[in-house]
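Me: I would like to learn how to read some features of a model. Please take them one at a time.

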Amino acid sequence: MSWNELSKRHRGTLMVLVSAEVALTTAAAVDLCFRPKEDVRGRKGLWWLGIFVQPVGPIAYLLWGRHRPCP
């Protein structure tokens, strides 16, 4: 199915989903880049590979891959 065959509603939905996926992946990559390895659960190299497994990789990293600071 090509882009031109999609309805406007489906095109809009697809654009929202793609935008969310790009935003989550970017947020995870920036966080992983600047976070010290001591604050990452597991190996940073494996998380680098994992965040590009869409759509679960960046969500998994943001939820479980980081140590959260103690209050």
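Me: Where does Pro-55 lie?
Reply: Helices are DSSP runs of H or I with at least four residues, numbered from the N terminus. Pro-55 sits in the loop between α2 (44-50) and α3. This is a predicted model, in which local features need pLDDT of at least 70, side-chain atom pairs count only at pLDDT 80 or more, and totals for chains, interfaces and linings use all residues. Residues are numbered from 1 along each chain as its sequence is written, and side-chain values use heavy atoms, leaving out hydrogens and water.

Me: Is the peptide bond from Gln-54 to Pro-55 cis or trans?
Reply: Most peptide bonds are trans. The bond from Gln-54 to Pro-55 is cis, with omega near -10°.

Me: At what angle do the axes of α1 and α3 cross?
Reply: Axes are lines fitted to C-alpha atoms, for helices over the stretch in contact, and angles run from 0 to 180 degrees between N-to-C directions. For α1 (residues 8-34) and α3 (residues 56-64), the axes cross at roughly 45° and come within 9 Å.

Me: Which residues of α1 and α3 make the contact?
Reply: Contact means heavy atoms within 4.5 Å. Leu-24, Thr-25, Ala-28, Asp-31 and Leu-32 of α1 meet Pro-58, Ile-59, Tyr-61 and Leu-62 of α3.

Me: What is Leu-32 in contact with, leaving aside its neighbours within four places in sequence?
Reply: Its partners are Val-40, Lys-44, Trp-47, Trp-48, Ile-51 and Tyr-61.

Conventions:
Helix = DSSP H or I, 4+ residues; strand = E, 2+ residues; numbered from the N terminus.
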